[in-house]
Amino acid sequence: MILIFFDGQFWSFLILLLLVFVSSVVGSYSNLLMKPVSRFILSDSDLQEAMSLEQTVSVAVNLIGGFSGVALLGILHQNYAGFSLINAGMFVIAWSIMALNHRQFLEAEQHIEAETKPNTNTSIFSDLKSTFIYVYKDHLFFQILLLATAINFVGTSFNGVFNLTLLHNKSLLIGNFGTTVAIFGAISSIGLLTGSLIINDFFKKLTTKQLIGISGIGIVLIAAVPLFYPNGVLWMLIIFLFSYIEAKINPKLGAILMKRTNHNRLAGVSGLINTFVMSATPLGQIIFLGTANIYSPNISWFFMGFVASLITIYTILTRQQDMELVEKTRESAIL
């Protein structure tokens, strides 16, 4: 409605930014609230498959949505007001589906309310502190979270350093700059999608910590290509394999989180993990993108490879503290 009646006015742009911000915050909050519901609905054996399916849908929507959005804008002759109405209609359809199937969530909600006894006198900071202490007490799980955050710290700078590398090193281009960026973006998305869809493969036998260590090796290889052997095809292949392995980590981590966390703590712990991961993103971009812009992309790749190699070395040195292997050993001893 704002775009229809107040298009071209600066204050309407500010209102739209505020609405987008509120929508993102509410969406993130609703995702956290769905964690306890999902935990109640799903059995332990179905958790990882469900997390993989959720990731598959998310990657597919991002992959298809970009192309379909551009195509739809072309059909509408760049009519952003009409495009926004269609987008709003999608929200209405999603709400209708939830409303029609609300009875399926009612039992889960009643179960969660019966178990959860919120303390209204607790402040946000004290609640965050207690949640952190709760997670920290599970040392092996906390170690995996730190490793996942460290991988995210390095990985979130990929796109920026990648684009700067293409501008400095023409031998890595496949066609022109725009075509190369599009191809590598598609390859990365296809790798994530394939890794999410194929569940029963060799990597299913590996633990989350082992997968994080292998991801560290993948980052080292990605960083080594522009430094030692600039080849676009080889780079593309390594990025595909890295994306495939990366797709295995989040479902495993999500399943572990749901199994090891009480229902009344699940939303809070998920929020704390999101805070960890999101806080690493700007810090990593400041360091690695800043280095790439001020000095050169190659120096940034060197530092990214160095940090990733430290992560991999740490996973090897602490392999006796692998949470999933420790628990398997305990279960075997009991049997």
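This is a predicted model: local features need pLDDT of at least 70, side-chain atom pairs count only at pLDDT 80 or more; totals for chains, interfaces and linings use all residues.
Ala, Val, Leu, Ile, Met, Phe, Trp, Tyr, Cys and Pro are counted here as nonpolar, Asp, Glu, Lys and Arg as charged, and the others, Gly among them, as polar.

**The cavity**

A search of the whole structure finds 1 cavity of 30 Å³ or more. The largest cavity holds about 80 Å³ of space. It is lined by 13 residues, and those closest to its centre are Gln-48, Ser-52, Gly-195, Ile-199 and Lys-248. At least two lining residues come from each of the helices α3 (47-75), α9 (177-197) and α11 (232-260). With 4 residues, α11 gives the largest share of the lining. Sorted by class, the lining has 5 nonpolar, 4 polar and 4 charged residues.

**The contact of α7 and α12**

Helix α7 (residues 139-155) packs against helix α12 (residues 263-294) at an angle of about 35°, and their axes are 7 Å apart. The crossing of the two helices is right-handed. On the α7 side, the contact is made by Phe-141, Phe-142, Leu-145, Thr-149, Asn-152, Phe-153 and Val-154. On the α12 side, the residues are Ile-273, Phe-276, Val-277, Ala-280, Thr-281, Leu-283, Gly-284, Ile-287 and Phe-288. The contact of α7 with α12 has 12 nonpolar and 4 polar residues, and no charged ones.

The classes in both places are set out here.

| Place | Nonpolar | Polar | Charged |

Notes. Residues are numbered from 1 along each chain as its sequence is written. Side-chain values use heavy atoms; hydrogens and water are left out. Axes are lines fitted to C-alpha atoms, for helices over the stretch in contact, and angles run from 0 to 180 degrees between N-to-C directions. A crossing is left-handed if the near helix is turned anticlockwise from the far one by less than a right angle, and right-handed if clockwise. Contact means heavy atoms within 4.5 Å. On a 1 Å grid over the protein atoms alone, a cavity is a set of points where a 1.4 Å probe fits but cannot get out, and a pocket is an open set with protein on both sides within 12 Å along at least five of seven lines; lining residues have an atom within 4 Å of a point. Grid points are joined across faces, edges and corners, and a volume is the space filled by probe spheres set on the points.
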